[in-house]
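Please keep the sequence and the structure at hand while reading.

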Amino acid sequence: MTGSVADVVSTGLLVATSDNRVVWANRALLDLVATGGGVAYDIAAGVVGDGIAGAAHDSAAGVVRDGAGLVSTVGGGYWRGEPDADPVYSARVAVAEAGLPLAGVVPDTEPREAQWQAPDGTTRWLEVRARTLAGGRPPGLGQVVSDGFVLYEIADVTGRRREEETLRLRERWLRHVETIARTGIWEWDLVTNEMEWSDELLAMFGYPTDTHIDYDTFQLLVHPEDRATVESVFDQAIATVTPVEVTHRMYLADRLTECVLEWRGDVLTDDSGTPIRIMGTAHDVTELIRIRRELAHAAAHEPLTEVLNRRATTALLAERLAAGVERTGALLLVDVDNFKIVNDLRGHSAGDTVMRSVAQSLGETLPAAVIGRLGDDEFAVVLQTGDGLDALAVADTLREQVARHTVMVDGFAVRVTVSIGVVSLSAVGDCDTALAHAGLALSEAKDAGRNCARLFTPERHEYLTRRTLVVQRIRDALDAGLLALDAQPVVDLTSHEVQGYEVLLRLHDGQHPELGPAEFISALAHSDLALSLDRWVVQQTVAALASVAARGARLRLHVNISSRSVEDPDFADFVLSALRAARVDPSQLGIEIAESVAVAAADAVRQLAETLTGAGCRFTLDDFGVGLGSFVYLRNLPFTNVKIDGDFLRHVDTSPADAVLVDAVVRIARCLGMYTIAESVDRESLAPALRDLGVDYAQGFHLGPPRPLTELLAGTSDADPQTHEAGLNSFLG
């Protein structure tokens, strides 16, 4: 009965004599150590797998066996039998040969775990416990050779050890992940109000790992301004049994250092649905929040002066005007007087210093106002309160403050004045109108001699009406197909060959008075219609380049775009999609932007230029030399061409000073890998003078007046366009 019971238990059982000879083993142990036969049976202490097991002779253990399978001992006791015929004998031999890790196991003490090399070659973990049995012959165990017995309980704990090791690895990995991800685990017992924080979470706050934290302590660490929000979120989650999600400020253990954490958790309930516990994670997002704030600041601020950029300023103004409440306050347009002269006489670094100084004066004088930079020498100020007359008084104070402040540039004192146009926000309906009205008042201030402030009045309405009519006239012409494109040649000054054409917009609506490009483009400067016009011009230009004539002649066309398109995040994709759809090589299309646009939206220009030049388009900085920081933006933006403003080189054939300036531009452009283009070449003597200075290309009425693009296409070669298809493969895909 004892043997039968022992054979059904899962723990291996082994009875050995006090001198380490196998007496009996149960079925579980035999299953563990089964080897398929063998003869050795001595399991003397210290044998782990290379002792008696399988040896022909071991004098220390006193075991000798002959070829017939007779097992005898030096001490005189013996068992006799064939291994295959006697199961008891075979069992003893198998156990003896197994090399079980019994060495070091002390009877009647705590169990011991040890590794064991199983007969099949695998490594196992065994838990071994030894118990002393009373002397004598245990019933049913057969002949014995000693009076003392030891019962070994042997359990295979390999699976448990693997699970424990896996758990340890997971815990270690979790701690590693928590550390690098700045994340900790927490648990809140709603019954006892106790909280448990993981070691990583405690370390994040600067606490020792054995620190006790309860909910009250947690609340004291929460920033006072955020405590009500945190309590509300937790209360709501507990009341509705919904997940917790809240981001708030906290103090570290020193109660001085501030951080931002994102807390997430799930509410656990008992069987009755009553919340009893919340478990979750806490993620330190301090650095992420800081980066987001810096990126948001950079996206909304102009880098030179650190005031808002044009996009952010107009967005805030539009939002205020669209609020639908009774509006107070005013818009001021502030223009630095004679700024071009400052740049020309003192250099563009001096111009940068002046703009920073004016921006600082605006901020110091009007700390509560919204201040932004709209262009190279123009700021916008949005006052929150007051009417038009109040704003005019503020403008005069601001003007006087700027005039009193002398700007030191390289040891020279530069006196700066500003002209200001003012419009009351209560008198306008939208952002475009506010900018237009303030612009009219600014023009009046400049006409009055500068260093003046003027308020927009109804008397200026007639002019504004004409401007509005111009915008509507262009809109109607666009819808009716009454706009056309001219092309003016760009000539290589060395070879005298035409290298490309600049595309110019023309209005042919038959109305009077006729409008030139300068008139209607300036009227569109503050209108969204500029976006539509730019896209129309690009579409028409790409269509022209896709024609058989243009393909055969490898025609190259340049188009000017407005600041509105530069700031449009989808414009680059629009251009590239149009080129792909028409299967036009991107190198045949050039984009030109004015320097004033590059100054006002440097980041947007950089992104647009990198995208288009990366696809193969050319990118030209137009009107170079008339705005702020020309050389700075030339160096920092990825242009392929530089078009020198006509005023910059108009007297280069007669003025040594102008020649020196143009020579400097050419040298810098060459160092940066850019080509130079001179514009407004209107007389014969300019071309050779520019060529001698190293200017690459030029355009102007002397070199070739504009003519209709359709006429140009009609006169170009209709050679086979397939000659350049291979070059399009990488672009078209």
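## Aromatic cluster

One aromatic cluster is formed by Trp186, Trp188, Trp197, Phe205, Tyr215, Phe218, Phe234 and Trp263. This is a predicted model, in which local features need pLDDT of at least 70 and side-chain atom pairs count only at pLDDT 80 or more, whereas totals for chains, interfaces and linings use all residues. Residues are numbered from 1 along each chain as its sequence is written, and side-chain values use heavy atoms, with hydrogens and water left out.

## Aromatic pairs

Across the whole structure a search finds 13 aromatic pairs, where rings of Phe, Tyr and Trp (its six-membered ring) pair if their centres lie within 6.5 Å, and planes under 30 degrees apart count as stacked, over 60 as edge-to-face and the rest as tilted. One of them is the tilted pair of Trp197 and Trp263, with 6.0 Å centre to centre and 50 degrees between the planes. This pair links distant parts of the chain, since Trp197 belongs to strand 11 (residues 194-197) and Trp263 to strand 14 (residues 258-269), 66 residues apart; helices (H or I, at least four residues) and strands (E, at least two) are DSSP runs, numbered from the N terminus. Trp197 counts as buried at 8% relative accessibility, and Trp263 counts as buried at 0%, where buried means under 20% relative accessible area, exposed over 50% and partly exposed in between (1.4 Å probe, protein chains only).

Phe218 and Phe234 form an edge-to-face pair, with 6.2 Å centre to centre and 85 degrees between the planes. Phe218 lies in helix 6 (residues 215-221) and Phe234 in helix 7 (residues 227-240), so this pair ties together parts that are 16 residues apart in sequence. Both Phe218 and Phe234 are buried.

## Surroundings of His558

His558 is found in strand 25 (residues 557-560) and is buried, with a relative accessible area of 7%. Leaving aside residues up to four places away in sequence, His558 touches Tyr501, Glu502, Val503, Gly590, Glu592, Arg618, Thr620 and Asn641, contact meaning heavy atoms within 4.5 Å.

## Helix 19 and helix 21

In helix 19, Phe571, Ala572, Val575 and Leu576 meet Leu608, Thr611, Leu612 and Ala615 of helix 21. The residues of this contact divide into 7 nonpolar, 1 polar and no charged, counting Ala, Val, Leu, Ile, Met, Phe, Trp, Tyr, Cys and Pro as nonpolar, Asp, Glu, Lys and Arg as charged, and the others, Gly among them, as polar.
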